[in-house]
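Have a look at the sequence and the 3D view below, and keep both handy.

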Amino acid sequence: MRALILILAVAHGGCFTSWAITQSTGNQRILDEGVREERVPLPDVRERLHVRLPLTPTYPATAVQPAAPADPLPFALECDSTQSARDAVYHSGFRYGKGWKKGTALMFLLEAGAAATYYFLADRTKPENQLATGFFGLDAIGTAALFFVPRKEIYRSDVVPVSTHVRSDCPAGLLIDIAGETFPVDAAGRIGELGLAALDGWMQAPTGPLRLTFGDRTIDLNIRASEQCAWNRARHAGERADQGCTMISSVGSVVADLEVPLGTLTRAE
């Protein structure tokens, strides 16, 4: 039992030991008391449209696995709009106040009592009891010194990122350009039968660019050969389009980010 107590004490550390660890690891903030924080939004808010192009078919989520495989959902791009900003956080508080004094006084009594117990009541010839006596005794001395640390006022400011989800539908005006031919993307992310046929043909024999356009912003979708193979194998298994695919990408989708003027994605349509 005494050995178990010793192991727990050394593993968790005494009061002074724990304080020393927080100082050496830069975690002094956990000692703050009476904390007050004020958040002030900073300028330079940005809106981004994240578009995901799935490479393999997606299936409806079901709570119970069906007896027969479910039919895949229609192909659709997935859109997600966010606002990225920053907040200035002004932090005030103090350390080593009344709560600290009471805590260190209590820990000093407990540690001094533990050292005395091991010294007077345990077998002092055993190394583990000698170690426990020394550990608790020295830590109690350090804890007593911490009782007299003067109160310290804390003031600091930090800048933290803030991300806000705006919408999950694809905004009006989003286009996908497939080898020079443009197809509109509806709110559900679908590009129509002609658009899907053009995309499927591009995956089998890519010619020209594959890019997204929204307003005056454009971004190319960089799809590697292994990702084309993933598309073709999922839709044309055993066919000619699947031949020559020796490496399949483990990535199930391609993602593109478009930064747009503030208010573009939050404007009511």
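A115 sits in helix α3, which covers residues 98-120. Keep in mind that this is a predicted model. Is A115 buried or exposed? With a relative accessibility of 9%, A115 counts as buried, because the cut-off for that word is under 20%. Setting aside its neighbours within four places in sequence, A115 is in contact with T133, F136 and G137. Take F136: A115 and F136 are 21 residues apart along the chain, yet their C-alpha atoms are separated by 5.1 Å.

## The largest core

Now for the greasy parts. In soluble globular proteins, nonpolar side chains tend to be buried together. Here, the largest nonpolar core has 28 residues, and L53, I176 and L199 have the most contacts inside it. Which elements give two or more residues to this core? They are β2 (46-54), β5, α5, β7 and β9 (253-260). Of these, β9 gives the most, with four residues. Apart from this core lies another one, of seven residues, and A115 and F136 are among them, as are A114 and A132.

Let's zoom in on L199. Leaving out its neighbours within four places in sequence, L199 is in contact with L53, F75, I178, I191, L210 and W231.

## A sheet with a helix across it

Next, find the open sheet of four strands. Its order is β6-β5-β7-β8, and the pairing is antiparallel. Which strands are at the edges? Those are β6 (181-184) and β8 (217-220), each of which pairs on one side only. From one strand to the next, the twist averages 25°.

Look at β7 (residues 210-214) beside β8: the two pair in the antiparallel sense over four bridges. R211 stands opposite D220 in β8. Helix α5 (residues 192-204) lies across β5 (174-178), β6 and β7, and it runs at about 40° to β5.

## A buried histidine

Over in strand β3 (residues 78-95) you'll find H91. H91 is buried, with a relative accessible area of 6%. What do the side chains of D32 and E37 do with the side chain of H91? Each is joined to H91 by a polar contact, as the table shows.

| Side chain of | Joined to side chain of | Polar contact |
|---|---|---|
| H91 | D32 | 3.0 Å |
| H91 | E37 | 3.1 Å |

Beyond its neighbours within four places in sequence, H91 is in contact with D32, V35, R36, E37, I154, Y155 and R156.

## The disulfide

Time for some sulfur. A disulfide is a covalent bond between the sulfur atoms of two cysteines. How many disulfides does a search of the whole structure find? It finds one. This disulfide joins C79 to C170, with an S to S distance of 2.0 Å. The link of C79 and C170 has 90° about the S-S bond and is right-handed. C79 lies in strand β3 and C170 in the loop between β4 (152-167) and β5, so the pair ties together parts that are 91 residues apart in sequence. Both C79 and C170 are buried. Another cysteine, C15, is buried too, with a relative accessible area of 14%.

Note on methods: Residues are numbered from 1 along each chain as its sequence is written. This is a predicted model: local features need pLDDT of at least 70, side-chain atom pairs count only at pLDDT 80 or more; totals for chains, interfaces and linings use all residues. Side-chain values use heavy atoms; hydrogens and water are left out. Two strands pair if DSSP finds at least two bridges between them. Axes are lines fitted to C-alpha atoms, for helices over the stretch in contact, and angles run from 0 to 180 degrees between N-to-C directions. Contact means heavy atoms within 4.5 Å. Buried means under 20% relative accessible area, exposed over 50%, partly exposed in between (1.4 Å probe, protein chains only). A polar contact is a pair of N or O atoms within 3.5 Å; within protein, one must be able to donate a hydrogen and the other to accept it, and residues adjacent in sequence count only if both atoms are side-chain atoms. A nonpolar core is a set of buried Ala, Val, Leu, Ile, Met, Phe, Trp, Tyr and Cys residues joined through side-chain atoms within 4.5 Å. A disulfide is a pair of cysteine sulfur atoms within 2.5 Å.
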